[in-house]
Amino acid sequence: MAQLSDFRILICNDDGIFSTGIKILERIARDISPDVWVVAPEFEQSGKGMSVTFNDILRVNEVSPRKYTVNGTPADCVVMAVNHILTDKKPDLVITGINHGNNVGDTVFISGTVGAAQIAAFHGIRSIAVSQDCYEGVPPKFHLPDHFLPQILKKLIKFNWLNGMVANINFPEASISEVKGTVVVPQGSMKIDWNVIERTDPVGYPYYWVRSNWDSKNPSTKTDTNYLNDKYITITPIDTNLNNQMFLDELEEFMNS
């Protein structure tokens, strides 16, 4: 493996190029390697998952040296960075975040932060998604990533990753002294309630807001949702291969019977 100082690191997020989290992540990355690039959405793109734009044009704008915006999704940003902006050398590492809010349990399926990291994994690039938990309606504080993330990243980078793996890191809402440790745990499950809120515009036409609420389905199990709530930093290895191995053979046998 190359020296960390030789790594090319790509930073992306779903909260937009001007968010606080991405600025902190960029600074942390620059302490690892000088070869850091930022390609992020022009505006917030939360909840976009791995969505890629097919039926509209994309525009890339260079904000400053090695920093670009894309008028698309987080996944678009990674695609444009790897296949257009960084064609001379693809990134050795993609780090997404730091997301304003957690990405644990079933929410990882719609997370633009995790989705961008998964797109990087599809390109054969080791990828890490980073999120900071926060209370509803309260801007997140980033003192925990500031304090703990540099060493976590340096250690993770040395791990022999399988193709398609994403490391999903979540920091709790806590003070530094309240953090109980760092744990590697599986992804949990959540009960998600979707709410469609109807309103009427000034000329009488209806419009809608989609909002969701969620709770852990199994709060007693040892998963990311449980440990994050208990003030642990959680690391969950996510595989982009979504096969359900447990039922693969059973379903095949059933369909052929």
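The protein contains six helices and 11 strands, where helices (H or I, at least four residues) and strands (E, at least two) are DSSP runs numbered from the N terminus. Its radius of gyration is 19 Å, close to the 18 Å that the globule rule gives for 257 residues, so the protein is as compact as a globular protein of that length. This radius is taken over C-alpha atoms, and the globule rule is 2.2 Å times the number of residues to the power 0.38. Along the principal axes, the C-alpha atoms fill a box of roughly 50 × 50 × 50 Å.

The model is a predicted one, in which local features need pLDDT of at least 70 and side-chain atom pairs count only at pLDDT 80 or more, whereas totals for chains, interfaces and linings use all residues. Residues are numbered from 1 along each chain as its sequence is written, and side-chain values use heavy atoms, with hydrogens and water left out.

Of the 257 residues, 46% count as buried, meaning under 20% relative accessible area, with exposed over 50% and partly exposed in between (1.4 Å probe, protein chains only). The accessible surface comes to about 14000 Å², and 52% of it belongs to carbon and sulfur atoms; such areas come from the Shrake-Rupley method with a 1.4 Å probe, and for residues only the protein chains shown count as cover. Among contacts (heavy atoms within 4.5 Å) with a separation of 6 or more, 76% join residues 24 or more positions apart.

Turning to the aromatic rings, those of Phe, Tyr and Trp (its six-membered ring) pair if their centres lie within 6.5 Å; planes under 30 degrees apart count as stacked, over 60 as edge-to-face and the rest as tilted. By this rule there are two aromatic pairs. The ring centres of W37 and Y68 are 6.5 Å apart and their planes lie at 10°, so this pair is stacked. It links distant parts of the chain, with W37 in strand β2 (residues 35–41) and Y68 in strand β4 (residues 67–70), 31 residues apart. W37 counts as buried because its relative accessibility is 13%, and Y68 likewise at 14%. Y227 and Y232 form an edge-to-face pair, 5.0 Å centre to centre with 80° between the planes; both residues are buried.

A ring also meets a charge: the charged end of R126 sits over the ring of W161, 5.5 Å from its centre. The criterion is NZ of Lys or CZ of Arg within 6 Å of the ring centre and within 35 degrees of the ring normal.

Finally, E173 is found in the loop between β7 (165–171) and β8 (182–184). E173 has a relative accessible area of 12% and is therefore buried. Not counting residues up to four places away in sequence, E173 touches Q132, D133, C134, Y135, K141 and K231.
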